[in-house]
Amino acid sequence: MKLSFDKIKEIATGAVCAAEENGYVYLHRFTDGQRALYFETNKDFYAKALTAAGIKLSFKTDSTSLTLKGIVELGLSRRYYSFDVFVNGEVIGYIDNFSMRELPKFYVDEYFELPQIFEKTFELGEGEKTVCVHLPWSVIVKLEEISLDDGTYVLPVKPVKKLLAYGDSITHGYDALRPSNRYIARLADKLGAEEINKAIGGEMFFDKLAELKDGFIPDYITVAYGTNDWSMSDIDSFRNHCRAFYTKLSENYPTSKIFAITPIWRREMSEYRVFGKFDQVEEEIRNIVNGIDNITLVRGFDFVPKDENFFADSRLHPNDDGFGNYFENLYKHIKKNL
């Protein structure tokens, strides 16, 4: 039984809109207006906006099998990907392009062929179960087919709450091998919330994005920019864009709990930048959000151990273990404010 376009939309979480074109289904985490903004301002970021970060398929079914078929295409510099398939909260398998080979310790520059066709059938077991498929954060996904046993049922499973996540590459997912291990995916699950991911690798505080509201009111919002601003911006520009971003976000979502997460450690933090010292980023964000009623500052600097073994590139982007630390420490801070 091949699921229809409408049924795929029903079981998708983290997607704010969907499209069907030439026999493929595209699930989008950015609205049409948000994608148009990136298309007009930054074609590289526009391609990254098409990746499937935070999007899941989540449903109850009595089917004993699940078939996934489609194509993954290059959307950013990372060439590895994974679909993580869970049944009743336990992982049962993956579709990926890296588990058949031994990866080096710092694997971010490994080469894999893309585009790539994928097709795999998973055995789900007997009886009713909840199935969750985490789509890759690192590639553009074109779904050709999602199939279950003939005569079976499929019912969407969607959290009541919503978590809207803004950020740079680390919130986007760089460099988790498994999308389910990203810190923001784990935080959303812990909060019982649907993750809607607006992060873009390389992004800074982009106040024009904050101006474009989504069609829902999130319960929680996380914002995690700053490390790229330190690398690529002067302090006056940063102050203007950071203040405008948080001001507009608070105005658009006055009833949402907004958490301003300051940057985690990075190896070259002692180097000179036009911005100034790295720790000034945290100080500036603290000063800017102070006094905005629905924004809570969360100091992220110590969330990931300052050890290259927790970073996929040895310096900036956490690996799956690093993301585990990030999630656990972030949740402790957020829990205090709920």
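This is a predicted model: local features need pLDDT of at least 70, side-chain atom pairs count only at pLDDT 80 or more; totals for chains, interfaces and linings use all residues.

Reader: What is the volume of the largest pocket, and which residues lie nearest its centre?

Author: Pockets come from a 1 Å grid over the protein atoms alone: a pocket is an open set of points with protein on both sides within 12 Å along at least five of seven lines, and lining residues have an atom within 4 Å of a point. Grid points are joined across faces, edges and corners, and a volume is the space filled by probe spheres set on the points. Here the largest pocket has about 420 Å³. Its lining has 22 residues, and Lys56, Phe86, Cys132, His134 and Asp189 lie nearest the centre.

Reader: Which helices and strands each supply at least two residues of that lining?

Author: Helices (H or I, at least four residues) and strands (E, at least two) are DSSP runs, numbered from the N terminus. Strand 4 (56-61), strand 9 (129-134), helix 5 (183-191) and strand 13 (193-197) each supply at least two lining residues of the largest pocket. By class, this lining has eight nonpolar, eight polar and six charged residues. Ala, Val, Leu, Ile, Met, Phe, Trp, Tyr, Cys and Pro count as nonpolar, Asp, Glu, Lys and Arg as charged, and the others, Gly among them, as polar.

Reader: How many cavities of 30 Å³ or more does the structure hold?

Author: A cavity is a set of grid points where a 1.4 Å probe fits but cannot get out. The structure holds one of 30 Å³ or more. The largest cavity has about 100 Å³ of space. Its lining includes Asp168, Tyr183, Thr227, Pro263 and Tyr326. The classes there are eight nonpolar, three polar and one charged.

Reader: Which residues touch the most other members of the largest nonpolar core?

Author: A nonpolar core is a set of buried Ala, Val, Leu, Ile, Met, Phe, Trp, Tyr and Cys residues joined through side-chain atoms within 4.5 Å. Buried means under 20% relative accessible area, exposed over 50%, partly exposed in between (1.4 Å probe, protein chains only). The largest core has 73 residues, and Tyr166, Tyr183, Val223, Tyr246 and Tyr326 touch the most other members. Apart from that core lies another, of 32 residues, among them Leu66, Leu68, Val85 and Leu148.

Reader: Which residues of helix 2 are buried?

Author: In helix 2 (residues 32-41), Gln34, Arg35, Leu37 and Tyr38 are buried. They cover an arc of only 155° around the axis, so they sit on the same side of helix 2. The arc is that of the directions from the helix axis to the C-beta atoms. Asp32 and Glu40, on the other side of helix 2, are exposed. The cover over the buried residues includes strand 2 (17-21), strand 3 (24-28), helix 3 (43-49) and helix 6 (207-211).

Reader: Is Asn228 buried or exposed?

Author: Asn228 is buried, at a relative accessible area of 11%. This residue is found in helix 7. Contact means heavy atoms within 4.5 Å. Not counting residues up to four places away in sequence, Asn228 touches Asp168, Gly202, Glu203, Met204 and Ser233. Asn228 and Met204 are 24 residues apart in sequence, yet 5.8 Å apart in space, C-alpha to C-alpha.

Reader: And where is Ser233?

Author: Ser233 lies in the loop between helix 7 (227-232) and helix 8 (235-252). Ser233 is buried, with a relative accessible area of 11%.

Reader: Which peptide bonds are cis?

Author: Most residues other than glycine have a negative phi, and most peptide bonds are trans. Here the bond from Leu114 to Pro115 is cis, with omega near 5°. The bond from Tyr174 to Asp175 is also cis, with omega near 5°. Asp175 is in the loop between helix 4 (169-172) and helix 5.

Reader: What is phi of Asn22?

Author: Phi of Asn22 is near 50°, a positive value in a residue other than glycine. Asn22 is in the loop between strand 2 and strand 3. Asn22 counts as exposed, at 69% relative accessibility.

Conventions: Residues are numbered from 1 along each chain as its sequence is written. Side-chain values use heavy atoms; hydrogens and water are left out.
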